Amino acid sequence: MNTTTKYAATALAAALGVTVLAGCGDDGSAGSGESEGPGSKTVTLVSHDSFNVSDKVLKAFTKETGYKVEILKSGDAGAALNQEILTKGSPRGDVFFGVDNTLLSRALDNGLFTAYEAKGLDTVAADTQTDEKRRVTPVDTGDICVNYDKKYFADKKLAPPKTFDDLLKPAYKNLLVTENAAGSSPGLGFLLGTIAAQGEDGYEAYWKKLKANGVKVVDGWEQAYNEEFSGSAGGKKANADRPLVVSYASSPPVEVLYADPQPKEAPTGVATGTCFRQTEYAGLLTGAKNEAGGKALLDFMISKTFQEDMPLNMFVNPVVKDATLPELFTKFGEKIDTPPTVAPEKITANREQWIQSWQSLVLK
């Protein structure tokens, strides 16, 4: 199963012809991933490929603590986590970032992290602090939601859907494209959203109805958003005819950010009643060579300096309660106050069974 990189907004930026630079050390070069021991002034962060932070923020961390950050990117979130499980006890770095609530229990059950209560944790939203033992620190949240093509619905004089139940209505037949839950992070998130909304006893009946209403399933986000979705500005195919797509609540601001010229209104919208919240965490790796540096980095990742840098670099939301969102997010994005979610331990216990059930219902 591919629990993909953080959020496909980075891929959207690439599709729109924009290069999103990865955050590196002071000299702008990615690190080797080798820490030199307890006295080292280098701290190594292991992450998935979508980790991105401004150079000025990394320099601020170095100025504040004396530690230089080296970043070791390791594929998507699932692949990166697998590598750490294989090397547990002798990790490749000091801190791991990017395990989310769909994989958290697996990481904890494998003993990957050493407990540490980061300084400033009291400023972090309580509902993101799911591990009472403090083995991981919440860093960001993102919402997987159905996006819609505003022009299509305006032209058809049809109100866009708002909820999961709306997607079953005849008016939206053959309009939705989603990703394969067995191999795509947004696809899995959308499946988990339906389970959270419909219940474990009701999601199968829901998907039978959704299939009957013409939902289309493709392999991944790139294909769904840039080839099938009629509202995408980047990489859109001439025959893209699906005005509803499973994407992210942050996708409309990204459409605006990378448009030239920038529109006064986002061309896409978010069906706010179709969301599933992902939370990403960072943790001090068990056996880290530079524990002191790792702890300092975890403290910094929940500082306002780091948190306010994330939205326009990783297209996610801060977890620190008083962090300020950029105007692009507040003006063009949707604030999802209480999206459904599923407890990490429940996901771990049922994930494979849910995916197999979904496959038998939808793909056969």
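A residue is called buried when its relative accessible area is under 20%, exposed when that area is over 50%, and partly exposed in between, using a 1.4 Å probe and protein chains only. By that definition Phe229, at 0% relative accessibility, is buried.

Good morning. The structure is a predicted model, in which local features need pLDDT of at least 70 and side-chain atom pairs count only at pLDDT 80 or more, while totals for chains, interfaces and linings use all residues. Residues are numbered from 1 along each chain as its sequence is written, and side-chain values use heavy atoms, with hydrogens and water left out.

I begin with the aromatic rings. Rings of Phe, Tyr and Trp (its six-membered ring) pair if their centres lie within 6.5 Å; planes under 30 degrees apart count as stacked, over 60 as edge-to-face, and the rest as tilted. How many aromatic pairs does a search of the whole structure find? The search finds 16. One of them joins Tyr152 and Phe153 edge-to-face, with 5.2 Å centre to centre and 80 degrees between the planes. Tyr152 is partly exposed, because its relative accessibility is 23%, whereas Phe153 is buried, at 3%. Tyr225 and Phe229 form a tilted pair, 5.1 Å centre to centre and with 55 degrees between the planes. Tyr225 has a relative accessible area of 0% and is therefore buried. Ring pairs also link Phe51, Phe61, Phe97, Phe300 and Phe306 into a cluster.

I turn now to the pockets. On a 1 Å grid over the protein atoms alone, a pocket is an open set of points with protein on both sides within 12 Å along at least five of seven lines, and its lining residues have an atom within 4 Å of a point. Grid points are joined across faces, edges and corners, and a volume is the space filled by probe spheres set on the points.

The largest pocket holds about 590 Å³ of space. Its lining has 27 residues, and Arg277, Asn317, Pro318, Leu325 and Lys335 lie nearest its centre. Which residues lie closest to the centre of the second largest pocket? That pocket has a volume of about 210 Å³, and of the 14 residues that line it, the closest to its centre are Asp127, Thr128, Arg277, Thr279 and Thr341.

Terms used:
1 Å grid on protein atoms, 1.4 Å probe; cavity = no way out; pocket = protein on both sides within 12 Å on 5 of 7 lines; lining within 4 Å.
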